[in-house]
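Visitor: I have a structure to look at and a list of questions. Could you walk me through it?

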Number of protein chains: 2
Amino acid sequence: MQQTKILLDESEIPTHWYNVVADMPNPPAPPLGPDGKPIGPDALAAIFPMALIEQEVSAERWIPIPDEVRQFLTMWRPSPLFRAHRLEQMLGTPAKIFYKYEGISPAGSHKPNTAVAQAYYNKQEGIKRLTTETGAGQWGSSLALVGNKFGLDVRVYMVKVSYEQKPFRRSMMQTWGAEVLPSPTNLTNSGRHILAQDPDSQGSLGIAISEAVEEAASRDDTNYSLGSVLNHVLLHQTVIGLETRKQLEKVGEYPDVIFAPCGGGSNVGGMMFPFFADKAAGKDIRLVAVEPASCPTLTRGHYAYDFGDTEGLTPLMLMYTLGHDFMPPGIHAGGLRYHGDSPLVSQLYKEGYLEAQAVSQIATFEAGVTFARAEGIVAAPESCHAIRAAMDEALRCKETGEAKTILFTLSGHGHFDMASYDKYFAGELEDYDYPEQAIHDALERLPKVG
Amino acid sequence: MQQTKILLDESEIPTHWYNVVADMPNPPAPPLGPDGKPIGPDALAAIFPMALIEQEVSAERWIPIPDEVRQFLTMWRPSPLFRAHRLEQMLGTPAKIFYKYEGISPAGSHKPNTAVAQAYYNKQEGIKRLTTETGAGQWGSSLALVGNKFGLDVRVYMVKVSYEQKPFRRSMMQTWGAEVLPSPTNLTNSGRHILAQDPDSQGSLGIAISEAVEEAASRDDTNYSLGSVLNHVLLHQTVIGLETRKQLEKVGEYPDVIFAPCGGGSNVGGMMFPFFADKAAGKDIRLVAVEPASCPTLTRGHYAYDFGDTEGLTPLMLMYTLGHDFMPPGIHAGGLRYHGDSPLVSQLYKEGYLEAQAVSQIATFEAGVTFARAEGIVAAPESCHAIRAAMDEALRCKETGEAKTILFTLSGHGHFDMASYDKYFAGELEDYDYPEQAIHDALERLPKVG
């Protein structure tokens, strides 16, 4: 029999997270305060526990994973690495295609990997409540899943358009005991400000972040938890790439090219950072972030200091951005609809270590359907971006005859996204090309620094 | 670290299915034709391939699994066996609780285990199309997932009330390339007959089976495929129990009691039959089928010859039944809403080897929520029946201090059932006690035999 899945034992769950900062040729650009000066750890203490702040600024290569976190991860980790025999055959490619499947977590995506660590450290430091935002619901679900088990109350500000379009993600969070509110709400200054401007606002990730941060900053027993973008979040996701390296070694493989979907950057960092030291040392490996053409942060955005949220409550971060007041069009890959990107991913892209590709919506669903018919798994629209890019690479290999080893992250299943698949089949999806003028205008509204 | 999951390698997928008939103290009662006489294999040849008919009547203990079927099963098998450490802790029980999780298949339940085998044998014998019925959608999804990959066209008659309440199961089947029709349709005599009596009929499994069987019987290129009840279906599901035995051996355990949800019997047979020979030999193990109080086939039904479908197109089978014209109340465990039960399960229950429990709807959802908060996984309502019974057993152990080993089948996830969880949280679910009069009346309408 052909081996389909490469599995690891629970004892092979990584014992340490890998911190890419230790191997970066240049140190990360510091976050800045409202005065334009680098902020110290204290400025973050109102919303994060000290252990996470230390991880955020650490330059240590290996950071130990607490036993309790590793124990919790056994709920679904190690995740399987699949060899896509059927997809290869269907495409008629000489390439070998591997995918790491993170959809087996109870929340259905890779997001719980960091939720566990964040809940753990907050609990350790006496916090009782966590606030967060969610778009498509994958992150909110993950924090709900985990927070409850650490005895933390979780409040999720869910982007209103998703709250209404994806009621079952809301139900899932409630099943795990979280409170879910459609954002913008009238519970925060940020929400009231937005509603005053537009009472019918459908919300955005930037607005929901503003609400969650504001609430956390105003209560001593409450911290804020973020599902992507920040250094410590990407750090926690490196279990993905570390496991994958081990799994590929077991079958004597090493990737020529890796694809991951890119919204805030947690998939990219999680899978690719553990391969970065090789890349920096000159190894011939391509690391490719795949983003939606409708939200082309890396491929068409500005590399500049910007806020992480709409209202300007977060520190300024140097990153690729479409402007913090960006209102994304209603594409379905909700998890990728973010104006900015991880500062680490942005810097490595700027410095030429990472590549980026933008793919259009209809082509991503087309790839998702092909994948489902070949491999069985119905993927989340976010994940379909990586599938599209991996399939295109495999088809190029078919033309050139190259037997490349292609690896991608299948970050989650699409069980809560079937309405999008329905629209694809009904021909109701459109490709949206982000207008040049909007990208230009965003530059004008970026915060002035220095 | 505590071990959470007991995994097997793909090479440990069973090489043979286990046929319980070989170890049954009495031979299975034969199916009867319209004339009341036992039917031969030929009578089934219009809708089943010969290989499956042979399995249906086989008394061989071990039946080899074709390589191509085993290869296909690697898509998700072997499935993990979990030790429910967190649930045990939450309940404060001295019992050890294990669950076999079948929700990791792409279709989200154990059903693809038999779909693979059925598609394989039909393909082998030159069949081009399969018809089937589905209630909650788990079986239809499974045949859609598999049929497509064997190059078979699949048409699913989906009970109309589910078609309308669960559009995303329909989308999933379409993503895999199946055609889905709300039943009753006007494409078959059976459907037209029902619609003539009640133009607003919401359908039932029995009606959908009539439609699918009728179509398959009328076309040479088309066969019928069933997701439960029949001997060969339960045979294919024994991979569940065979894997579980091996997994428990790895940690030095043997169950004192096994629970599985019971609708048509494929979970019960799949998990329990591989333990039956031990039971028959006097081993102290309890095998308990758990059914909904609203559809109490085993606990309150009649042991009698009855049809498998509403219109009376199938052979007569000796089984527990509520009457083939049974119209189940609209409870949410769609997969358990069937008037009859597997003849093998029925006979072993009648002979005292299996036990049965009926549990009410609200209590099952309550158990499902507790389970989700402890173990993470949001279970299908069908699976919640087994969770309820296992939790009750664990709580009894808490009272008595017995450290029993409890095993149950977690047959599927509830990602497409969140509307039911919503109703539970909103207090909109009701417990339905099947009326004694209806049970009595059904007896009057059973077909007269001999």
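Visitor: Leaving aside neighbours within four places in sequence, which residues is B:Q55 in contact with?
Guide: First, this is a predicted model, where local features need pLDDT of at least 70, side-chain atom pairs count only at pLDDT 80 or more, and totals for chains, interfaces and linings use all residues. Residues are numbered from 1 along each chain as its sequence is written, chains are lettered from A and ligands numbered from 1 in the order written, and side-chain values use heavy atoms, with hydrogens and water left out. Contact means heavy atoms within 4.5 Å. Neighbours within four places aside, the contacts of B:Q55 are B:W17, B:I63, B:Y121, B:H232, B:L235 and B:H236.

Visitor: Is B:Q55 buried or exposed?
Guide: B:Q55 sits in helix α1 (residues 50-57) of chain B. Helices (H or I, at least four residues) and strands (E, at least two) are DSSP runs, numbered from the N terminus. Buried means under 20% relative accessible area, exposed over 50%, and partly exposed in between (1.4 Å probe, protein chains only). At a relative accessible area of 7%, B:Q55 is buried.

Visitor: What is the length of the polar contact between the side chains of B:Q55 and B:Y121?
Guide: A polar contact is a pair of N or O atoms within 3.5 Å; within protein, one must be able to donate a hydrogen and the other to accept it, and residues adjacent in sequence count only if both atoms are side-chain atoms. The side chains of B:Q55 and B:Y121 are joined by such a contact, and its length is 3.1 Å.

Visitor: How far does helix α4 of chain B reach from its first C-alpha to its last?
Guide: Helix α4 covers residues 112-124 of chain B, 13 residues in total. The expected span of a helix is 1.5 Å times one less than its number of residues. For this helix 18 Å is expected, and the reach is close to that, at 18 Å.

Visitor: At what angle do α14 and α15 of chain A pack?
Guide: Axes are lines fitted to C-alpha atoms, for helices over the stretch in contact, and angles run from 0 to 180 degrees between N-to-C directions. Angles under 35 degrees count as roughly parallel, over 145 as roughly antiparallel, 65 to 115 as roughly perpendicular and the rest as oblique. α14(A) and α15(A) are therefore roughly perpendicular. Their axes are 8 Å apart, and the angle is about 85 degrees.

Visitor: Which elements do the buried residues of α16(B) pack against?
Guide: Helix α16 spans residues 418-425 of chain B, and its buried residues are B:M418, B:S420, B:Y421 and B:D422. They pack against α14 and α15 of chain B, together with α7 of chain A.

Visitor: What is the phi of A:V229?
Guide: Most residues other than glycine have a negative phi, and most peptide bonds are trans. A:V229 lies in the loop between β9 (222-224) and α10 (231-250) of chain A. It is buried, with a relative accessible area of 5%. A:V229 is not a glycine, yet its phi is positive, at about 70 degrees.

Visitor: Which residues does a cis peptide bond join in chain A, with omega about 10 degrees?
Guide: Look in the loop between β8 (179-183) and α8 (189-197) of chain A, where A:P184 is found. The cis bond joins A:S183 and A:P184.
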